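Work through the exercises below with the sequence and the model open side by side. Each task is followed by its solution.

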Amino acid sequence: MTLTDLDAPQRRTSATGTDTHCPYCALQCAMRLEPADDGRLAVQPRDFPTNQGGLCQKGWTAAELLAVRDRITTPMVRDAGGELRAATWQEAYERIVSAIRAAQRADGPDAVAVFGGGGLTNEKAYSLGKFARVALGTALIDYNGRFCMSSAAAAGNRAFGLDRGLPFPLADLGGADAVLLVGSNPAETMPPMTRHLAGARQRGGLIVIDPRHSATAALTDDGAGLHLQPLPGTDVVLLLGLLHAVIAASGTDDDYLAARVEGWDAVAAASTCWWPERTQQATGVPAGQIREAAELLVAAAPHRGGAGAYVISGRGAEQHAHGTDTVTAAINLALALGLPGRVGSGYGCLTGQGNGQGGREHGQKCDQLPGYRSITDAQARAHVAKVWGVDPDAIPGPGRPAVELLDSLGRPGGPRVLFVHGANPAVSAPDAGAVRERLGSLDLLVVADFVPSATARLADVVLPVPQWAEEDGTMTSLEGRILRRARATDPPDGVRDELVIWAQLAELLGAPVKFATDPVEVFAELGRASAGGRADYAGADHERVAREPVYWPCPDREHSGTPRMFLDRFATPSGRALAVVPSVVGVDDDLREGARTYLLTGRVLRQYQSGAQTARVAALGRPSEHRFAEVHPLTAHRIGVEDGTPVRITSARGSFVAPTRVTTAVRPDCVFVPFHGDGDDQFCNDLTNPATDPVSGMPEFKVCAVDVSAAEHGAGT
Amino acid sequence: MSGDMSGDSNAHRVVVVGHGMVAARFVEELQTLAAPGAVAVTVLGAEPHLPYNRLLLSEVIAGRANINALTLPAASEPVVVRADTTVVSIDRAAKAVTDADGVVHDYDTLVLATGAEPRVPLPTSDLRGVRTLRTIDDCRDLVAAARPGRRITVLGGGLLGIELACGLAHRGADVTVVHRTPTLMDRQLDAAAARVLADSLRAQGIGVLLDVEVIDVVGHDGAVCGLRTAAGAVLPTDLVVASAGVVPRTELACAAGLPVEHGIVVGANLRSPEDPAVAAIGDCAQEEGRWTGLLAPGWEQARRLAHELAGRPVRASGSADGVVTLKARGLSVVTMGTAGGAGRTVTLSDAGAGRHVSVEVAADRVVAATCIGAPDLAADLTAAFERRTPTPKDPTHLLFAELPTGTGAGQGADRTNLATMPGNATVCRCNGVTKREIVGAHAAGDRDVEAVAARTRATTGCGGCASAVEGLLAWMEEVDPPSDTRPANATPLSTPVAADAHATLGAHPSQGSP
């Protein structure tokens, strides 16, 4: 086996400091990494429109990731005794290549699959999609963004012809009279974002829909706005009820609807059945609050002379087996008020992962090619094939969305080899216990990571890769702005960049084309592949995005980018937004005898996603500190638990024990558990429901029926 | 003369008589569920309008709903909808109905959804000024008639009567509700609850006359000017709105020889026992001896019949039935379930506050409840009733859901007394900075928010705690004024108000440095 020679990496840090962005969420707070006295790097916040110089504790402590004790710096291969042991890159590659060949010889190209991540740089997201389709020849690639942005993306594409999380700069929120957050908790998930809610709060116009009185819901207290606290899984109905109340109050922007929206009459008629009292009955939200919220929104709407209003959705509304319908209902409400495509108003979703936006645009999705192109569109295939230098017919067709893909692993006809890059599905997938079982049934599981995450520990081959501050590339933030992720230090010896790994594996597998390994070169190729597509990056480059704001679409060097979209027309064939009647469907795994409480899942401020990174930052607390169950005092009293005593939560799929946190923040019919779990021995996603949205493939993370009881003494604690 | 020729010749022909809320729901469901071409649906509606939400007419009266916003989802091709079409007869032998224009519509299944009409409990008279509220046209008339100061008598203190009374009062009319029993909403409320409701109405300036039987109208110049009671009194009025319940429209069924009692008799399959080709749903139907006149059961019937006709399995929805919610400004009345079972009942009656809550619990479930004047609690009780969630150990707690809640989930600090909050209370959530650390920063010489931020990172996340940090610094200045001679990192000499904070200062004089 021969490989193109590559320079051995050396650990080197910039002497003067490096401007970059936070490794975690999609807010991508700007920071500067500066050499500290101890020779390490230290974080300083940078002024930037999104974070306005702010950082949360995760951001401040991000540099600790560079010094985690259990950093993987050598490939590891599972030996005959079942133990992971250090190996050479050559050994790891040989193991991978032979397993791929054996599996594909027996079962064809789709015997190998790829699971990517929304934290990968644009360059890596792009290259991973290309690697899967060109080097592995498999149709089977999907990614953890399916668990994140897929419902919002599907609904956005359907309504507007294009999905960009926020089709306007985040800072625009500050001028609005009202902001409606539907199932979003930025005060925990991206704290500096809430700076942009200050204006709406001052004017009493922050409205938060959440079954929990979250930290974000608490921002509505004391006259700053309204918290609507529905039963979980009833967001569609609540949004239809709000729409009804807007219509009943003659609050619709009829000129806008006539000029810019199609299909409106059917949507308006669908809301006629959801008057506030009936909505109250279905959602548990008092009718008076529904009317009050509608009045706030109408008064803020531009056609009523308000300063503007925004409707923003988050995972709480989207991570349902009918999340696409929920987002559609939120979009309909925004359309009724005449918000999308207007300066100072709009609809958007808050992207979760660091590159959740860019990660969904460049080919990690099972049905998409770079530039947000459809893989079934012949023209799109021809365009991308030309950039890749392959025959269009050689590009496989659509694969399977994440939950389906993970469920097929190791089953007859399913993949036997899986690559995981930038994801931790052993913790983060719904019904995670079943997913771990599937991962265990593979012939070969290859995981690229920089720490031994729960998924990496299950791998047959672990490939050590650089992390955030050790790599170069770009990220696309929640507002569609392309940002520069700059290398502030070299990765440790022994680590190889994914771009290099894929290039080398492609070469070993006899791929028809070479893969670029320089991020600048890859980005230029991505630009060409995306040119003319919906997410067009052709006019951007590394230098430009570091120098000036560049929001996609940006089709050429002279183009100034697109901070605000849809001002003249929507990206649909007709140029009008499409109002779609949402279905009203109940919770998939609903309350029943033996499971009479709803389980809600979510995040805490000091942890990020599965916790694979943040659980290793000492300042953010031990993983077990982030395992708790919020229980209403009446429920605690009923089942006989107190603050701190263990409670057992059991769903149809699994069981979980956590210390009780007694709080009135949850409804008495709900319990709340954070889903972080890496580094711990219990995973809340072992309980969650893998039922998926028929349009987006999003699983129903946010609600399922559980039994809640006092745990037997000492169990699991 | 033949009717519609639409649809496949093999399609099962369904003719729906009536196009109200239940018929509209039935057609919508059937259209969604049936295989393409499997059914050919014709809807014959007597009103000239698209189907609309009748329940919201009282909201229009109250000025809370736009009359143009009541339209229900319209049936689309290939369903044939004929508005302004009254059916005059059914020929069951020929399986056909004839409309007023003489057009004959053949059916394989006939669905009667003829609804009900308002009952007017008065002798027939030609006097102007006696009205009902059933149709959109009635609603327009009533809105036009409800001028400020006009004396309007609502005859009947049931759900709709009270909604109407409140709506008309909101328009400035001088409204009196006259009810023939001593108990308002007597289908839903007991005497105690009804008393609180009557008081609430009176508090809104609405007259309430109970246990008064009206036997006739009194006229002047061809218009009504009063109502004569059984006791011989005359109640002066300018307008009477009869709201004394509804009577199922059963004439067509009667004439066709179908069994009719209170409504058109149907079995559990919603078909007439005499003729399985004829079904009845909604207000005109009496299913297995039961008739409610409520929308939810009608919609449930529509759903079941649509499933059956589409060849889909028919399952009961399992949803708890019988939540009744009054829609009126400034008045909240919600009832659910049937009280008086074997359960345990807890009651809170607070007439002074216009509040009355009664909850019956059996086998750790809410089986019935009445909730007046407690809107947020009503929403919670409805959720508990419908979802059958476990009740608290002590059901009394069900009455106190509206207790003020201190969740601790919020920014907290700026709303709390800074002096007395404990040292370990979090001031800056984003960076996990406690009061203790900020006090420590002050002790170490930090005198402004920037300095505290540089040391502790407080305020550097969402920025929401800036005012709390400022407040803490001001408080420290007060209790521990700076001394020029004291070194910057010394602990304060005087004792701050909170002992906890002081103890902290000694222990961690400079905690929180990044």
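**Exercise 1.** Task: describe the contact between domain 1 and domain 3 of chain A in this predicted model.

Solution. Start with the domain bounds: in chain A, domain 1 covers 18-67 and domain 3 covers 166-349, while domain 2 (76-148 + 355-547) and domain 4 (597-710) complete the division. Next, count the residues on each side, taking two residues as in contact if their C-beta atoms, placed from the backbone, lie within 7 Å. Domain 1 of chain A brings 10 residues to the contact, and domain 3 of chain A brings nine. Finally, take the distance between the C-alpha centres of domain 1 and domain 3 of chain A, which is 32 Å.

**Exercise 2.** Task: work out the strand order and pairing of the open three-stranded sheet in chain A.

Solution. Reading across the sheet in chain A gives β1-β2-β3, with antiparallel pairing. The edges are β1 (18-21) and β3 (41-45) of chain A, since each of them pairs on one side only. Averaged over this sheet, neighbouring strands are turned by 35 degrees against each other, with direction ignored. Now look at one pair: β2 (residues 30-35) of chain A is joined to β3(A) by five bridges in the antiparallel sense. To locate a position in β3(A), find Ala42(A), which has Glu34(A) opposite.

**Exercise 3.** Task: is Pro78(B) buried, partly exposed or exposed?

Solution. First place the residue: Pro78(B) sits in the loop that runs between α2 (57-61) and β3 (80-82) of chain B. Then count neighbours. A residue is buried with 20 or more other C-beta atoms within 10 Å, and exposed with 12 or fewer. Pro78(B) has 16 C-beta neighbours inside 10 Å, so Pro78(B) is partly exposed. For a distance check, Pro78(B) and Thr237(B) are separated by 159 residues in sequence and by 50 Å in space, C-alpha to C-alpha.

**Exercise 4.** Task: which helix of chain B gives the most residues to the side that touches chain A?

Solution. Begin with the totals: 47 residues of chain B and 45 residues of chain A take part in the contact. Within the chain B side, helix α8 (residues 375-387) gives the most, with eight residues.

Terms used. Residues are numbered from 1 along each chain as its sequence is written. Chains are lettered from A and ligands numbered from 1 in the order in which they are written. This is a predicted model: local features need pLDDT of at least 70, side-chain atom pairs count only at pLDDT 80 or more; totals for chains, interfaces and linings use all residues. Two strands pair if DSSP finds at least two bridges between them. Helices (H or I, at least four residues) and strands (E, at least two) are DSSP runs, numbered from the N terminus. Axes are lines fitted to C-alpha atoms, for helices over the stretch in contact, and angles run from 0 to 180 degrees between N-to-C directions. Domain bounds come from an automatic or database domain assignment.
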